[in-house]
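Please have a look at the sequence and the structure before I go on.

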Amino acid sequence: MSKFWSPVVHELTPYIPGEQPKLVNLVKLNTNENPYGPGPRVLAALQAEVSDTLRLYPDPNSDRLKQTIAESFGLAPSNVFVGNGSDEVLAHAFHALLQHDQPILFPDITYSFYPVYCGLYGIPFETLPLTSTFQIDVADYRRANGGIIFPNPNAPTGMALPLSNIEYLLQINTDSVVVVDEAYIDFGGESAAPLVDTYPNLLVVHTLSKSRSLAGLRAGYALGHADLIEALTRVKDSFNSYPLDRFAQAGAVAAMLDQSHFEETCRKVISSRNWLVAELGKLGFDTLPSVANFIFTRHQNRDGAELTTRLRERSIIVRHFKNPARIAPYLRITIGTNEQCAALVSALREILS
Ligand SMILES: Cc1ncc(COP(=O)(O)O)c(C=O)c1O
């Protein structure tokens, strides 16, 4: 606390990201990064940027990246916005498109950054409870609102919402923006990107941090009607003209073009996920049906916090959320390599024996 703080700062409850421990030799399964690094094409593109041109500012509009993303979705560059990680894209969406008098709506169990943005921008919000089986019931969203946002698949459950339900939601909600945060869509979900042409109030947000193995580079993007993209661009150009540096733009372009590396790593993550869920089942865990690169799982008679501590003692880090109470028994576990998943299973077997 300080008398020098602006009033809004006193009221902020910042987001707490998952730990990035400085220790080596950890099995790090806590922040949903890709266990496989970026491919050689991305590394070569980054190396090519290590040059004298670093004295020059990067392209403020990231035109080449927008063009590459637009082509991969059959859209125009005017339908694409890029930012410094999808968190920044989301922040601009809250500011540019969700800040109205009516409360915005999102699930009670979801990405915990959403209420933080509401606090930062003074946006009223209402949370709508997931069903007893942790599903989003889109019929609940049929009420006056200043906008709707949810991840698909949801975080931290990993559960998918079928595209037909998203389309129904767009049909019953035409007067405010619906943001679908598809951070984990490439691991088995059905993207709403093809609906962008049909629904002028749909914004689909993607990241290169998960399926494109570039959490360290910070690049994310949004797809939507050109009017929505213009709103985001106005906010961006009132905040930071160069959110993506030369490395981020070059690496992101290469990653978007490297389809085979992307498909191969997603396939490996999905196969490890299937193996891990089956093995955890044998140890007495119930796992929600995940289409993400993480799972949400609880043991039938062991406490989530305790298991997290026991795993940490064995240098395995997973994520545990104390609140709300309904999810306290669960562990959120990022899908690692086969070796990391096997290490997790043997540690749990030992802990439970
Ligand atoms: C649901 C969801 N959306 C967005 C993000 C932000 O990803 P990034 O800022 O790395 O693009 C995350 C990160 O974990 C997430 O879980």
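This is a predicted model: local features need pLDDT of at least 70, side-chain atom pairs count only at pLDDT 80 or more; totals for chains, interfaces and linings use all residues.

Does serine 213 count as buried or exposed? At 10% relative accessibility, serine 213 counts as buried, where buried means under 20% relative accessible area, exposed means over 50%, and partly exposed lies in between, with a 1.4 Å probe and protein chains only.

Residues are numbered from 1 along each chain as its sequence is written, and side-chain values use heavy atoms, with hydrogens and water left out.

Serine 213 has a positive phi of about 60° although it is not a glycine, and its place is in the loop between β7 (202–207) and β8 (220–224); helices (H or I, at least four residues) and strands (E, at least two) are DSSP runs, numbered from the N terminus. Arginine 218 lies in the loop between β7 and β8, and its phi, near 70°, is a positive value in a residue other than glycine. At 28% relative accessibility, however, arginine 218 counts as partly exposed.

Let me turn to the peptide bonds. A cis bond joins asparagine 152 and proline 153, with omega about -5°, and proline 153 sits in the loop between β5 (148–151) and α6 (163–172). Asparagine 323 and proline 324 are joined by a cis peptide bond with an omega of about -10°, and proline 324 is found in the loop between β11 (316–317) and β12 (330–334).
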